[in-house]
Every structure is written in C-alpha cells, then in structure tokens.
Amino acid sequence: MTIKIIMDTDPGIDDAAAITMAINDDNIDLKLITTVAGNVTVDKTTKNAQKLVRFFNSDIPVAAGAKQPLIKPFEDAARIHGESGMPGYDFPEDLPKPMDKSAVEALHDAIMASDEKITLVPTGSYTNIALLFSEYPEVKDNIERIVAMGGSLGMGNMTSAAEFNVFTDPHAAKIVYNSGVPIVMVGLDITMKALLTPESLEKLPELNETGKMLHDIIIHDGDNSENGIAMHDVNTIFYLLHPEAITTEDMWVDVQTEGPAMGETVGDIRGAYHDGKTNASVCVDIDAAAFNKWFINEVSHISK
C-alpha cells in the first residue's frame, strides 16, 4: 500500500537525498513539494527542489513558501550546505516553474483534495505548516500524521540545546506540536546514529547517475565526521518505509521559544507533567547498518 505524502522542505543536501528517495520509491506517492527558508533562502530552496524534479523528469508540483520564520530573525545553514544549498553537481537549468499559488494554499488544496489522509513530511523549519494550521485548521482532519525531521532529547546541533529545524522557527514548531495532529519526531537522537558511512558513500557513484549526483553533493556536506555523514532528513523516509528498524517512545514534547534554550524540544520522559498525555512518538534508536543497506539499495534501483 503506497503512502501518500507531501514534503515541506528546504534543500539542502540531506533534503535532496530524502526527496530522491521519495520520488523514486514505489511505496511512496509524493503529491507535492513545498519549500521554506532554512538551509538557504527560500528562492534557493525552491530552485533546488525544481532541480531535483527536473533531474528525475518528474511532474511533482513545487510551491514556494515562507521567506522567514514567524517571529525570530532568519539564520541559514549555508556554512554546512554551501551558498547554493546543493553544491557539487551540474543540474539541468531548464527548470519547471513553481506553482502560482503559495505553499500554504498548495498545501491546503492538496490535502483537502486527497481521497486518503495525507502524511506531512517536513524536513525544514515548520513555518509553512504552522501558517497552514493557523489559517486552515480544517486540514487537520485529513492529515494522517506528521513525520518531522527535527528536535532532540539531548544535545542540539545549532545550540547546545536546539536542533536546527526547530531552532530556525521555534514558534512554528510550538504550533505544530500543540496542533493535535499525531507527530513522529525524527530527531538527532537517531540521525546522529544513522550516519552514511564512508564505505556507503564510496559505493554511490558506481551505482548510476543518481548515485553520482548524490555522492557529488553529499561530499560537500559540512555535517560530517570520520565515522560518516549525517543524512538527517532521509531518516523520515526510512521511518515511513521501515518503522521496524526504529525504536520510538510516546511522550509529550514542549518547544522552548525564548531564552538560551530557544528551540529546545523538551520531552516529558517520565510522564510527570502532562497528566499522562502524549503528543509525539519520539524516535530514540535506529538500526544504523539497516539504514546504510537500505540507502544503497534504494539508489541502486533508481532507473537513472
């Protein structure tokens, strides 16, 4: 049974890999890509999404979204993803045009038109989704769940407390976590365990042109170590397809919106403060070897 999803994203190197998997896996029906400012500015993230759609000769529509967070100043991650967001590969330049409607309008229309509930997969800041819920709360009834890359129960990667996507727009994240829509938090607790190993990275260009493309952009990712490269956003797609490889714990997650802990996702791990209520399934462990095996296998089956 195919999973109908919409990706709200800010490509970004690891976003590009996630979009690649979502476009090409037969078990996923990617209906729409919406873009948001995050890793780089929204004009660049939109262009990068269009590059990927064009690379795979896909007709998936792309709609440009929020240029900045709801309240706090915008701070990108070009130091990690490069000035363009997807450096290292010469993509086609004859790109399809983005939709005339905004990301929020495109999200509303696609969700309400779907004959099945949609799964939202945000891999950037959650600004577009927060705006959607604020303007069109009726869409919540046609959303199966949100599988969101972001957050951490431990240390952050933007500050000592905060992960980048949530830190970028903590006020939006708070709206999303308080929305009542089921959420799976795919955070640093697993994405820093499921690193793409040097051995996996070395195999990519041998597989096909898609493997070469991914290799050429991934080697420019600044989020790396001698043990491998963090493919944060790809873990959302891996979770959708192989939840058995990931351990989750249900808990209430609060988002801090001010002070030195701004952007921190605080999990009530003892169930002590919310009368037993939960608002998220938090990913806490992952089979890293299975992730690497899946990543290579997915790319090897792509026809391009």
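Are Phe-55 and Tyr-89 buried or exposed? Phe-55 is buried, and Tyr-89 is too (buried: under 20% relative accessible area; exposed: over 50%; partly exposed: in between; 1.4 Å probe, protein chains only). This is a predicted model, where local features need pLDDT of at least 70, side-chain atom pairs count only at pLDDT 80 or more, and totals for chains, interfaces and linings use all residues. Residues are numbered from 1 along each chain as its sequence is written, and side-chain values use heavy atoms, leaving out hydrogens and water.

**Aromatic pairs**
- The whole structure holds 8 aromatic pairs (Phe, Tyr and Trp rings, the six-membered one for Trp, with centres within 6.5 Å; planes under 30 degrees apart are stacked, over 60 edge-to-face, the rest tilted).
- Phe-55 and Tyr-89 pair edge-to-face, at 5.8 Å centre to centre and 80° between the planes.
- This pair links distant parts of the chain, 34 residues apart: Phe-55 is in helix H2 (residues 42–55), Tyr-89 in the loop between helix H3 (78–81) and helix H4 (103–113).
- Helices (H or I, at least four residues) are DSSP runs, numbered from the N terminus.
- Phe-238 and Trp-294 form a tilted pair, because their ring centres are 5.1 Å apart and their planes lie at 50°.
- Phe-238 in helix H11 (residues 234–241) and Trp-294 in helix H12 (residues 288–300) are 56 residues apart.
- Both Phe-238 and Trp-294 are buried.

**Cluster**
- Phe-55, Phe-56, Tyr-89 and Phe-91 are joined into a cluster by ring pairs.

**Charges over rings**
- Lys-304 sits over the face of Phe-55, 3.8 Å from the ring centre (NZ of Lys or CZ of Arg within 6 Å of the ring centre and within 35 degrees of the ring normal).
- Lys-72 lies over the face of Phe-167, at 4.2 Å from the ring centre.

Definitions and conventions: Helix = DSSP H or I, 4+ residues; strand = E, 2+ residues; numbered from the N terminus.
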